[in-house]
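These are my notebook entries on one protein model and its ligand. I record what I looked up, entry by entry.

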Amino acid sequence: MINSKRPVFFYGGDYNPDQWPEEIWQEDMRLFKLAGVNIITVPVFSWAKLQPSEDTYDFGWLDKVMDLARDNGISVCLATSTAAQPAWMSKKYPEILPVDVEGRKRAHGARVNFCPNSKVYRKFSTALAEKMAIRYKEHPALAVWHVANEYGTYCYCEHCAEEFRNWLKARYGTIEELNRVWNMNFWGHTVYEWDEIVPPSYLNEMGRDVFLGYPRDFTCFQGISLDYNRFMSDSSLECYKREYAVIKAVTPDIPITTNLMGTFKPFDYFKWAEHLDVVSWDNYPAMKEPESNIAMRHDLMRGLKDGQSFMLMEQTPSQQNWQPYNSLKRPGVMRLWSYQSIAHGADTIMFFQLRRSFGACEKYHGALIEHAGHENTRVFRECAQLGKELAALGDKILDSRLDSKVAIVFDWDNWWAVEFSSGPSRELKYVEQVEKYYKAFHDMNISVDMVKPNADFSKYKLVVAPVLYMIKPGVAKSIENFVKNGGVFVTTFFSGIVNENDLVTLGGYPGELRKTLGIWSEEIDALLQDMKNQIVMKEPVGDLQGEYSCRMLCDLIHLEGAKALAVFGSDFYAGMPALTENEVEKGKAYYISSDPEESFIKNLMKYICDNAAIKAPVEAPEGVEVTQRFKEEKSFTFLLNHNNHAVNINLGDLDGLDLLTQRDIRGQISLEAKGVIIMERTEKQ
Ligand code: GLA
Ligand code: ZN
């Protein structure tokens, strides 16, 4: 799919020739070939150079870059350059500049600094994309389209306000309906005319506070704030879609993408992915980021298009420049993390940046070609080594897929709603909760798909929905059917509380999930930061026994058909259910009433997986990640040693060819620190 035109493993990344004199371009080509680079992303931020004024375009220099790539056997991921508008455009059409959440009109500069509803922006960005498509449609180097770069703006200008009203009209039809779904009788918010609606900003409904060191936006009015997020996500998406449409019309066979950012809160990427031919994303973990968090983001990006391979569009060959501490990637880590991306579904490995810029804020950002300017650097050697390995893999792994029996539900609307919620605890962070559950499976090397709440669950044995606070239409029914048909469903405290407009489902929590879970929750207690309660097992359940600590929120629940496997250990609700299990026809549903320590989650997930015969491909020591991708009759087993020491691994029944060393492996093997094995095996039919 990504590489249909050229079935190789794409390796390369962002290249900014416009920041360098032409003499250097030839040398770049030499170095690229030496490193195995076969794709460059150009020109990401060159709008001002491509369009010096309203009526003039200058593609001459880009023609040269395109031809140079072609002559050197390098493909081009062609960026439309529309993430930073030229200064003349902002000057001539100030309406293009956004207004921020504090009501301040922004000035020209930085990047991704445009109003996503600006007609001027949309007109000029679409015109440029179309011109590029027409100009390069036959160019043999053209392989992938890269629209703009890391969209991400929220704007609060007058024009956005107007478009927001139109968006609301289309969604709700009448003002009466709007008043109803937003519950506008609260604080006398009732509106009678559409133009009484103003965007929720720091000037009215919204505010920001810093709690435990983290800034957090809050709102007085969830209904309007949630819809504004949806609208803003849709607004930038509309800019993307317009460029997509003009490009598609000219080059229907070239895949089009824009680079996403993993768990990026402002935009609903499930919705975006419907308009991407292929998902691509930028992976910039901090030095000590747990491997499971990186893995989860890869799985989320793979999940956006239902398991289809994605592009790793950017990672740094070594350090970044924008984190508080920009550590070097230790020897072997860039290679290991690259293979981790592939192990989770990436079909390209690309960097920001190929040559390190010498001015402005990215001059301390790692690059294939460092400021030294030659190939005799550690980073270059590591990149060149990886380039060689990927070239040797050819198209073997491309388009292969993972096969997960476990799904974790992830939902942007739910994320927004949970963190907009005023109470019961400011400590509750949605992604952190999802990460905790994901980690339990990651530690067991059990593959997980990250899915939206209205996904088809039928191919899974286990569906876990941490803090599924918002229940969208149809979701409760689909969970119920999944369980009735033999699935296992797990959810937690603060789930099933509201509908998609953040209005509480009355009659007792967890609302629409109540029947499937066989419980009702009467009250929710919030514990102070240093307070704890305990989850006390009534009797051992698998490896779960004795007591575990829990914190933050405790649901006070009553049984309505479920049985309590554990109870709270202290406070006035000691003895009330803390873990419940409900049998519904062929399946089971579990409810965890609080935020437990890690070992509780791990043991519970292990118990459920054991019962459902969900297993890791290989029993591996701690710190070794194992995944499998499948294509036709082949399986590819990835073994990744994240440890700083060598490990022994027993491959059990698995044997095959290690594609990186071309050696047959079986039985007891050893894997060096940061080492990687990709074992190819023909599965018996
Ligand atoms: C983002 C951008 C790149 C670059 C890198 C630096 O991912 O897309 O243009 O700024 O960050 O890490
Ligand atoms: Zn605007």
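**Entry 1: a pair within one helix**

I began with Glu480 and Lys484, which both belong to helix α15 (residues 475–484) and stand 4 residues apart, about one turn of the helix. The model is predicted, which I keep in mind throughout. I found that the two side chains form a salt bridge, with 2.7 Å from N to O. I then looked up the accessibility of each partner. Glu480 counts as buried because its relative accessibility is 9%, under the 20% limit. Lys484 has a relative accessible area of 22% and is therefore partly exposed.

**Entry 2: a pair across the chain**

I next examined Asp655 and Arg681, whose side chains meet in a salt bridge at 3.3 Å, N to O. This pair links distant parts of the chain, 26 residues apart: Asp655 sits in the loop between β25 (647–650) and β26 (656–658), and Arg681 in strand β29 (residues 676–682). I noted the relative accessible area of Asp655 as 22%, so this residue is partly exposed. For Arg681 I noted 15%, so this residue is buried.

**Entry 3: salt bridges and a network**

How many salt bridges does the count come to? I recorded 49 salt bridges. Among them I looked up the one between Asp413 and Arg230, where the closest N and O atoms are 2.6 Å apart. Asp413 belongs to helix α13 (residues 412–420) and Arg230 to helix α8 (residues 222–250), so this pair ties together parts that are 183 residues apart in sequence. Are Asp413 and Arg230 buried or exposed? I found Asp413 buried, and Arg230 buried as well.

I returned to the accessibility of Arg681, which is buried at 15%. I then turned to shared partners: one network of salt bridges joins Arg171, Asp227, Arg230, Asp411, Asp413 and Lys472.

**Entry 4: a buried aspartate**

I located Asp28 in helix α1 (residues 22–35). Its relative accessible area is 0%, so Asp28 is buried. I also found a polar contact of 2.6 Å between the side chains of Asp28 and Arg355.

**Entry 5: the ligand site**

Which residues are around ligand 1? I listed Phe45, Arg111, Asn149, Glu150, Asn259, Asp282, Tyr284, Glu314, Trp322, Phe352, Glu362 and His365.

I then looked up distances from oxygen atoms of the ligand to polar side-chain atoms. For Arg111, a polar side-chain atom lies 3.0 Å from an oxygen atom of ligand 1. For Tyr284, an N or O atom of the side chain is 3.5 Å from an oxygen atom of ligand 1. For His365, the distance between a polar side-chain atom and an oxygen atom of ligand 1 is 2.7 Å. On its own, ligand 1 has 310 Å² of accessible area, and the protein covers 97% of that area.

**Entry 6: a nonpolar surface patch**

Which residues form a nonpolar patch on the surface? I found Phe211, Leu212 and Tyr214, which together have about 280 Å² of accessible area. I placed Phe211 in strand β5 (residues 206–211). With a relative accessibility of 31%, Phe211 counts as partly exposed.

How values were computed:
Residues are numbered from 1 along each chain as its sequence is written. Chains are lettered from A and ligands numbered from 1 in the order in which they are written. This is a predicted model: local features need pLDDT of at least 70, side-chain atom pairs count only at pLDDT 80 or more; totals for chains, interfaces and linings use all residues. Side-chain values use heavy atoms; hydrogens and water are left out. A residue is near a molecule or strand if one of its heavy atoms lies within 4 Å of it. A polar contact is a pair of N or O atoms within 3.5 Å; within protein, one must be able to donate a hydrogen and the other to accept it, and residues adjacent in sequence count only if both atoms are side-chain atoms. Accessible areas come from the Shrake-Rupley method with a 1.4 Å probe; for residues, only the protein chains shown count as cover. Patches are made of residues with over 30% relative accessible area and no salt bridge: like charges are joined within 9 Å, nonpolar side chains (Val, Leu, Ile, Met, Phe, Trp, Tyr) within 5 Å. A salt bridge is a side-chain nitrogen of Lys or Arg within 4 Å of a carboxyl oxygen of Asp or Glu. Helices (H or I, at least four residues) and strands (E, at least two) are DSSP runs, numbered from the N terminus. Buried means under 20% relative accessible area, exposed over 50%, partly exposed in between (1.4 Å probe, protein chains only).
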